[in-house]
Amino acid sequence: MARYLLALLLAAASTHATAQAAAPALIAEIAARSEMQRNLEELCDDIGPRMTGTPGLQRAQEWAMRKLASYGAVNVHLEAYELGRPWQRGRAHARLLNANSLPLNVMQKAWTKGTRGAIRADVALLNVKTLADFNAALPRLKGKIVLAESSPREAPTQALRDAGVAAVLQVSGKEDGLQDMWGGPGQRYDSNAGIITREHANLLKRLLARGITPRLELALDGGFAAKSVQAHNVVADFPGSEPGGEMVILGAHLDSWDLSSGATDNGAGVVTMLEVMRAMRATGLQPKRTLRVVLFSGEEQGLLGSKAYVAAHRDELARIQAVLVQDAGSGRILAFPDMQEEAWYGPMSAALAPTKALGEIDLHYAKGLGSDHETFYKQGIPAFTPLQESRNYRTHTQHSQVDTIDHIDHADLQQAAQVTAILAWGLLDGERLPHID
Ligand SMILES: [Zn+2]
């Protein structure tokens with residue numbers, strides 16, 4: 001018994017020693033030889049927008065696979081899933097035909113059919129809270145360009161189209177003339193929809209409030225390609241030493257919206273995960289479990305890539321130790337939500353402990369959802385995403401026309417990669433996290 005205990009203690013001590021040695025090595029490697037800034041420039045300034053289903057994303061995937069292979073990853077490959085007919089942006093034009101005659105900042109909402117040429121119509125405001133009010137409002141919207149300030153969640157997708165509206169303008173969630181792109185195959189308004197900046201929506205509302213009906217010329221010439229295509233995820237491994245095939249997945253989404261170069265959403269997450277793979281190989285560490293990097297696509301259209309991944313890998317989901325996804329901008333990592341699972345708290349705390357040198361990174365009692373880790377979490381798999389310093393991510397850069405490298409601080413990126421590398425190492429080598437039923 002005593003000998004058994006001693007063996008256990010020695011094993012614990014040696015694991016502890018490895019973990020203690022790994023953190024400084026990873027911190028030093030990333031501090032000395034980070035390729036994140038260069039990778040971000042190649043991804044954003046050379047390749048640029050990477051909307052799912054476009055050649056830009058394909059170029060980015062080829063680029064990412066070359067990088068992963070050059071960092072020593074193996075099994076580097078693409079995994080395909082059906083996207084349907086890809087959406088292509090076209091010309092968007094909007095202008096007031098009365099009042100001050102200003103051109104209006106309107107972009108076509110993605111995954112909508114568009115107007116096919118310019119239409120002219122009066123604006124009507126839709127600002128209702130209940131389904132009954134929504135239904136009551138429908139008759140007065142026929143033939144109008146509907147400024148959809150608010151309508152109930154359960155309002156049927158078909159209803160506005162059936163009511164014969166000319167077009168729908170949804171209002172950007174941001175200010176300062178910033179756009180806020182969204183849309184995907186499962187959305188509510190799928191025909192003739194644009195997104196108008198908040199300031200220009202306010203102009204239309206002020207006119208309406210004074211009894212002046214704005215009349216607009218509107219052209220939204222994007223639409224769907226004729227043929228369905230496949231979309232892809234990039235997958236790459238650093239094999240673990242232990243048989244049994246448990247793995248830690250590091251994820252980020254390589255797709256972006258197309259109004260800018262997707263630096264903070266999610267270029268930052270992509271270059272972080274590439275850097276963790278690079279540093280892990282460069283330091284010569286050998287984890288027990290396999291480190292797998294998955295760069296998803298279709299995240300912006302409704303987590304399509306991670307849903308496809310989980311569906312295609314059903315047989316090996318049980319072997320996933322944990323999933324870490326970074327997708328909240330480019331700010332430094334402040335904390336991780338513990339997903340309110342008591343059984344995950346201990347092993348996650350232990351894995352995070354060696355990050356002390358990089359700041360007090362806590363495990364918060366919270367749930368953080370909203371990106372590709374959510375797909376895994378819904379299967380009971382331990383899946384986490386960091387809380388990051390905001391750096392105006394949600395108010396400015398995310399999904400807007402200013403999602404550029406200018407808004408990224410390299411010291412923040414470096415800290416995020418160091419924290420992620422240390423946590424990943426802890427999860428690769430540490431105690432098993434249970435799945436939840
Ligand atoms: Zn994102």
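## Contacts and overall form

Among contacts with a separation of 6 or more in this protein, 80% join residues 24 or more positions apart. Two residues are in contact if their C-beta atoms, placed from the backbone, lie within 7 Å. Please keep in mind that this is a predicted model, where local features need pLDDT of at least 70, side-chain atom pairs count only at pLDDT 80 or more, and totals for chains, interfaces and linings use all residues. Numbering starts from 1 along each chain as its sequence is written.

The C-alpha atoms fill a box of roughly 85 × 45 × 40 Å along the principal axes. For 437 residues, a compact globule would have a radius of gyration near 22 Å, and the 24 Å of this protein agrees with that. (This radius is taken over C-alpha atoms, and the globule rule is 2.2 Å times the number of residues to the power 0.38.) Buried residues make up 48% of the 437; a residue is buried if 20 or more other C-beta atoms lie within 10 Å of its own, with C-beta atoms placed from the backbone.

## Two domains

The protein is divided into domain 1 (21-86 + 227-429) and domain 2 (91-223), with bounds from an automatic or database domain assignment. Their centres, taken over C-alpha atoms, are 35 Å apart.

Where they meet, 12 residues of domain 1 are in contact with 11 residues of domain 2. The domain 1 side of this meeting has 8 polar, 3 nonpolar and 1 charged residues. Here Ala, Val, Leu, Ile, Met, Phe, Trp, Tyr, Cys and Pro count as nonpolar, Asp, Glu, Lys and Arg as charged, and the others, Gly among them, as polar.

## The largest nonpolar core

What does the largest nonpolar core contain? It has 113 residues, and V146, M277, A421 and A424 have the most contacts inside it. Such a core is a set of buried Ala, Val, Leu, Ile, Met, Phe, Trp, Tyr and Cys residues joined through C-beta atoms within 7 Å. Helix α12 (residues 410-429) gives the largest share, 11 residues. Both domain 1 and domain 2 contribute residues, so the core lies between them.

Leaving aside neighbours within four places in sequence, V146 is in contact with several residues, including A124, L126, L160 and V168.

The protein has 12 helices and 18 strands. These are DSSP runs numbered from the N terminus: helices are H or I, at least four residues, and strands are E, at least two.

Strand β15 (residues 333-337) pairs with β16 in the parallel sense over 3 bridges, and P337 stands opposite H364 in β16.

Methods. A residue is buried if 20 or more other C-beta atoms lie within 10 Å of its own, exposed if 12 or fewer, and partly exposed in between; C-beta atoms are placed from the backbone. Two strands pair if DSSP finds at least two bridges between them.
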